[in-house]
Amino acid sequence: MNKLFSALTILMLLALSACDNPSISASTGCGETASAVTSNDSSADVYSFCIVNTYDHDSSAFTQGLVYHEGVFYEGTGLRGQSNIRKVEIETGDVLQTRDINAQFFGEGITLWNDQLLQLTWQAEKGFIYDRETFESQGEFSYPTEGWGITHDGIKLMMSDGSNAIFYLDPDTFDITSGVEVVENGQQINRLNELEYINGEIWANVWLTNNIVRIDPENGNVIGWLDLTGLKPTSDLNNRDAVLNGIAYDVENDRLFVTGKLWSKVFEIQLVPQN
Ligand SMILES: [Ca+2]
């Protein structure tokens with residue numbers, strides 16, 4: 001039994017025991033039957049979710065990147081003229097610190113690398129480097145693709161461009177050194193968006209879906225699917241741009257956070273196995 005399977009087993013037991021808070025929406029409580037992923041004939045593991053905690057989120061934030069670090073979120077937002085990076089208090093959703101980027105750029109994913117915050121932009125083939133604490137600019141980097149999501153495994157940066165590719169970049173030179181293509185049953189899994197490296201896997205939002213795909217970073221194989229259908233706050237249902245996007249992981253406390261573009265809430269969730 002490997003560590004991941006052990007962790008998932010523990011998660012499942014926790015979900016069964018700790019996630020039945022009656023104050024939470026009935027459609028998302030643990031023990032509820034949730035819909036399985038229908039977009040793929042998947043032989044990978046499929047998970048639904050239960051909600052552990054719900055927090056306010058700035059519903060004007062077009063979330064493109066979300067990271068947890070030492071008790072706060074770092075978030076990057078998109079849209080031209082509205083893109084910024086920000087530090088956010090988890091419990092209240094209050095924006096503690098922010099820095100806008102030039103209105104010509106459409107902000108995309110972010111990640112923290114040592115004492116720096118890295119931010120992609122969508123089509124400018126340009127990323128920005130900031131001091132994590134002060135948000136002062138520390139330079140730029142370039143890449144030959146669109147920029148969507150970014151994360152890292154402690155050794156290399158990992159970046160998505162809206163295709164089924166994950167590019168691996170040298171964190172010192174930002175050169176693309178390798179990468180994987182995400183394919184399941186011969187079908188490309190495209191529109192990989194916001195990323196998070198979690199316990200040896202890459203987790204990716206799939207743009208315009210309620211799904212997060214879990215990817216083996218060695219070969220691009222699909223390890224599993226999270227179907228988060230039903231999670232979107234009901235107050236945000238009418239906004240078609242308000243799609244699931246944003247994954248953050250607190251490794252020390254094994255807390256998984258997800259949100260969406262323009263969503264009014266951030267959710268801490270646990271996985272519930274469906275197959
Ligand atoms: Ca993330």
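## Ground rules

Since the model is predicted, local features need a pLDDT of at least 70 and side-chain atom pairs count only at pLDDT 80 or more, while totals for chains, interfaces and linings use all residues. Residue numbers start from 1 along each chain, following the sequence as written.

## The chain overall

Of the 275 residues in the chain, 40% are buried. Buried means 20 or more other C-beta atoms within 10 Å of the residue's own, exposed means 12 or fewer, and partly exposed is in between, with C-beta atoms placed from the backbone. As for contacts (C-beta atoms, placed from the backbone, within 7 Å), take those with a separation of 6 or more: 51% of them join residues 24 or more positions apart.

## The β6-β9 sheet

Strands of a sheet pair through backbone hydrogen bonds, in either a parallel or an antiparallel way. For this model, two strands count as paired if DSSP finds at least two bridges between them. An open sheet of four strands runs in the order β6-β7-β8-β9, with antiparallel pairing. Its edge strands, β6 (107-113) and β9 (137-142), each pair on one side only. From one strand to the next, the twist averages 20 degrees; the axes behind that are lines fitted to C-alpha atoms (for helices, over the stretch in contact), with angles from 0 to 180 degrees between N-to-C directions.

Five of the seven residues of β6 are buried, so β6 is largely enclosed by the rest of the structure. Five bridges tie β6 to β7 in antiparallel fashion, and Leu112 has Leu117 in β7 as its bridge partner. The β6 and β7 hairpin leaves two residues between the strands, and Asn114 takes a positive phi near 55 degrees there. Next along, β7 (residues 116-121) and β8 (residues 126-131) are also antiparallel, over five bridges. Gln119 sits opposite Phe128 in β8.

## A look at Thr77

Thr77 belongs to strand β3 (residues 72-77). Is Thr77 buried or exposed? Thr77 is buried, because 26 other C-beta atoms lie within 10 Å.

Leaving out residues up to four places away in sequence, Thr77 touches Ala61, Phe62, Thr63, Gln64, Gln82, Ser83, Asn84 and Gly107. Ala61 is 16 residues from Thr77 in sequence, yet the two are 5.9 Å apart in space, C-alpha to C-alpha.

Technical notes: Contact = placed C-beta atoms within 7 Å.
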